[in-house]
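Here is a briefing on one predicted model.

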Amino acid sequence: MINLTLYKKELKSSWKLLVIIAGVLTLYITMIIGMFDPEMADALKQFEELMPEVMAAVGMTGTGDTLAGFMISYLYGMLMLVFPMVYTIIRSNGLVAKYVDRGSMASLLAAPVHRTTVALTQLAVLFTGIFLLLGYCTALELATAQALFPGELAAAELLRLNVGLLFLQLFIGGFCFLCSCAFQDTRYSLAFGAGVPVLMYVVQMLANMGGKLENMKYATIFSLYQAEGLVSGESGAWLCAGILLAGAVLLSALAVAVFRRRDLHL
């Protein structure tokens with residue numbers, strides 16, 4: 001159960017950051033989908049040949065024969081992973097750790113509201129923001145693709161792609177929220193809540209470069225997001241997505257349990 005008054009208040013506080021991240025993604029989504037044409041594909045291929053390791057590190061390899069493949073290479077290798085993650089890191093820290101660090105958690109718990117309700121409400125705010133951001137991006141991608149390249153992008157393929165991305169971001173959200181609930185100081189909340197996902201992404205970048213570093217991908221959750229497999233409906237890709245969703249649920253439950261039991265020094 002969530003507290004609707006607190007939910008509305010915190011969701012309202014999320015809008016500014018949501019609009020900023022959505023605005024940045026709007027620019028990239030419309031620009032990159034608009035680049036799906038033979039002339040631009042040749043230019044991108046030449047750029048890839050000049051800087052193969054850099055392009056591989058951020059997942060921008062191959063132009064793709066389809067619009068979905070092109071988007072996977074140039075949107076989902078980096079941009080659609082990093083920008084929602086930035087929102088998740090900032091907002092999860094602000095929903096719990098910042099209140100405790102400023103000594104204002106007492107105001108949240110002053111009313112006769114159970115700690116579990118407060119934790120679940122803050123978690124619902126975080127997950128709602130992630131859902132709204134990815135839902136907006138999905139609608140924008142479909143609208144842009146239909147306007148510029150009618151019939152080139154199947155809605156079912158894009159939905160599968162973004163459902164997997166949603167599960168990944170929920171996993172990151174669950175972990176960041178756990179860190180926000182576990183640490184008394186925002187410095188430590190950010191150090192772990194931001195540091196671990198960012199480190200994993202850096203590891204993924206190194207693994208993308210191939211060679212001896214390729215096996216490092218098994219040390220990062222980002223390898224569980226298999227975009228190509230989701231688009232083609234492969235069972236293995238859905239299994240990995242299911243692991244991410246299960247992890248998100250477990251981390252969220254652990255975060256609520258930690259918040260209930262910790263000494264908040266109110």
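Buried means under 20% relative accessible area, exposed over 50%, and partly exposed in between, with a 1.4 Å probe and protein chains only. Cys137 is buried, at 0% relative accessible area. The model is predicted: local features need pLDDT of at least 70, side-chain atom pairs count only at pLDDT 80 or more, and totals for chains, interfaces and linings use all residues. Residues are numbered from 1 along each chain as its sequence is written, and side-chain values use heavy atoms, without hydrogens and water.

**Cysteines**
- The whole structure has 0 disulfides (a disulfide is a pair of cysteine sulfur atoms within 2.5 Å).
- Cys179 has its closest cysteine sulfur in Cys176, 6.4 Å away, which is too far for a bond.
- Cys179 is buried, with a relative accessible area of 5%.

**Thr138**
- Thr138 sits in helix 8, residues 115-148 (helices are DSSP runs of H or I, at least four residues, numbered from the N terminus).
- Its relative accessibility is 11%, so Thr138 counts as buried.
- Leaving out residues up to four places away in sequence, Thr138 touches Leu158, Leu159 and Asn162 (contact means heavy atoms within 4.5 Å).

**Helix 1 and helix 5**
- Helix 1 (residues 4-34) packs with helix 5 (residues 79-95) at about 170 degrees, axes 10 Å apart (axes are lines fitted to C-alpha atoms over the stretch in contact, and angles run from 0 to 180 degrees between N-to-C directions).
- The two helices are therefore roughly antiparallel (angles over 145 degrees).
- The contact includes Leu17 and Ile21 of helix 1, and Phe83 and Tyr87 of helix 5.

Conventions:
Angles under 35 degrees count as roughly parallel, over 145 as roughly antiparallel, 65 to 115 as roughly perpendicular and the rest as oblique.
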